[in-house]
Structures are given as structure tokens and as C-alpha cells.
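Please open the model in a viewer and keep the selection panel at hand. The stops below follow one another from selection to selection.

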Amino acid sequence: MYNKLDPLLHSELRLAIVSLLIHTDKAEFVYIREKTKATAGNLSVQIEKLFVAGYISVKKSFRGKKPLTECKITRKGIASFEKYVNDLKTYIEPDQ
Amino acid sequence: MKTDKKLTPSDSIRIINEMIETSKGNIQDNANYFIIWGYVVLLACILHFVLLKFTDFEKPYLAWLIVLIGFIPTTIYSKRQIKKNKIFTHIDRINIFLWLTFGISYIIFIAYMSKFNYQIFPFVFLLVGNCVFMSGINLKFKPLIAGGIIYWAGTIVSFYLSLEYLLLLTFILIIIAYLLPGYLLKYKKESDV
């Protein structure tokens, strides 16, 4: 029995963003861009989608004169990621 | 990285693994905090001993005020690290709160040390031992775990020593159970940590 995968997480870049944040307490936009090798524009769009869904929180501030965007996974994001991984298992181990 | 690519389950697992692997913070960055505070305490210890042994200064224990200097390089280094790493890991957060509990406990001991005849050495050894041990568990680094255990042993020994020997014990403990694990962490190969 295959469980339907969360369409919000079943996307290369959004899954990468959430996987990065699940392992960190918080990460800067620049860091996420470096690790995912995504363009700034595309990354902004996908972060916004995750933010609207309540999967991540986004804090905008300044470090000196430079704008600083920090992302952090929410409880809802953690729960959704865990469900996604469990649902993924049904494709790899269909007996579950 | 694109968003419209059709993902297979194995693609998903590869992405999750890659991202988790790449977002491991560099735990060796923590070594410099041990090195900074190790030398600050060592300096305070030597100064206390010199004032006690070779001068008529009435309050040689004031030498420990020197530890306040330690906050300057610590603040500069941590700000630099945050700027450089662009990431704050769960391990970083646990470490900060661990040493914050040490700081708060230490201040309470210092504030009320007259209540137990200024004999704060065993309590401080115990506090340091707890934090070094827990840092070792948090960073999964055995020399720090051993350092914590050595501090606990030092706590028991300290109940039987006079002030001069307590300073000597502080000196020995800070070198073998604090500075040495700090240096081992700093120069450990990344793959071994």
C-alpha cells in the first residue's frame, strides 16, 4: 500500500530546504542557497511556499547594513517531514 | 536545484541524506572556547598562587576577577563564528545553555560563598566536571567525557586539601581535563569527530 506523498515536500528544492533545516536550529538564506545551489529567486519562492504552509518560520533583520534572512523549521514542519519520510518508506518497503 | 523535476522515492532519500550530511556543523569550532577559558583560568590560578605566596596582599582571591576578561575573546570569537558559519545547530544551542547553567550556578556560589566559609573549589570542580562531561556527550568526543570524569575525581580529592594544594589541583585539572581535550578536539581530523 503506497501512501500519498505530501506534494509540498515532494519537490526537489523544498525537500532539500526542509531536510537542511531539520538538522539545524536555524540557518541563514545565504547558507541554504550555498548548500542547495539554487538561484536566489527560486529559493525565495520556495521558502515563501513553505512559510505560508506553516512548515518554516522566517525572520528578517539586519546584520550591520546587510539584510539578514533566517529560516527555522516549525513543529508542523517537523511533523510533516516525519510523515513524509514514513510515507516514503511505503514505496521502498511496500509491506509496511 | 529545480522544483519541477519528477522525484522518485530514491531521489527523495538521496536529497535528504545529502542535505543532512552537508548541514553538519563543524564541532571543532567549539575547541577554541575550551582553549580560551582554559588559559584564562590558568592565568587566574597562577596569579592567585603568586599573590598568596609571595606578597602580603590581603585578598589574593581577587585574582579570579581576571576570568571576566575571558568574556571579551569569547564574544569576539562567537560573533565571528556566527557570521562565518551562517548556521546555528542544535548542538550549538545545547552548548550555549549548558554553559549558561554553569555561569548562573557559578554566580550563585560566588554570591553565597561566605555561607560555606569560602570553600568554593569543590563546588566549582563539580560544576565544571558536569559541563565538560555533558559537552563530551553532546559533541560525541571521548576526551571531554574523560575530562568530566577527572574533574569529578578532583572534586572528591579537593575536600582533603589546603588552599595552596587546591590551587595546584586547579592548575593540574585545567591542563589535563580541560585544555588538553580542547586541543585534542581542535586538531582532531574532521572524519574522526
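A residue is called buried under 20% relative accessible area, exposed over 50%, and partly exposed in between, with a 1.4 Å probe and protein chains only. This is a predicted model, in which local features need pLDDT of at least 70 and side-chain atom pairs count only at pLDDT 80 or more, while totals for chains, interfaces and linings use all residues. Residues are numbered from 1 along each chain as its sequence is written, chains are lettered from A and ligands numbered from 1 in the order in which they are written, and side-chain values use heavy atoms, with hydrogens and water left out.

**Chain B, helix H1**

Select residues 9-22 of chain B, which form helix H1. Helices (H or I, at least four residues) and strands (E, at least two) are DSSP runs, numbered from the N terminus. H1(B) has 14 residues and spans 20 Å from its first C-alpha to its last, close to the 20 Å expected at 1.5 Å a residue; the expected span is 1.5 Å times one less than the number of residues. Next, colour B:Asp11, B:Ser12, B:Ile15, B:Ile16 and B:Met19, the buried residues of H1(B). They lie on the same side of H1(B), because they cover an arc of only 135° around the axis, the arc being that of the directions from the helix axis to the C-beta atoms.

Move to B:Tyr160, in the loop between helix H6 (142-158) and helix H7 (163-186) of chain B. Is B:Tyr160 buried or exposed? B:Tyr160 is exposed, with a relative accessible area of 70%. A distance drawn from its C-alpha to that of B:Ala177, 17 residues apart along the chain, reads 20 Å.

**Chain A, the strands**

Select strand S3 (66-73) of chain A. Strands pair if DSSP finds at least two bridges between them. S2(A), residues 56-63, runs antiparallel to S3(A) and is joined to S3(A) by eight bridges, with A:Lys59 partnered by A:Glu70. The two strands form a hairpin with two residues between them, and A:Gly64 in the turn has a positive phi of about 70°. S1(A), residues 24-28, is also antiparallel to S3(A), with two bridges; A:Ala27 has A:Cys71 as its bridge partner.

**The second largest pocket**

Finally, show A:Glu28, A:Phe29, A:Val30, A:Arg63, A:Gly64, A:Lys66, A:Pro67, A:Leu68, A:Thr69, B:Lys83 and B:Lys86, which line the second largest pocket. S3(A) gives the largest share of this lining, four residues.

Note on methods
1 Å grid on protein atoms, 1.4 Å probe; cavity = no way out; pocket = protein on both sides within 12 Å on 5 of 7 lines; lining within 4 Å.
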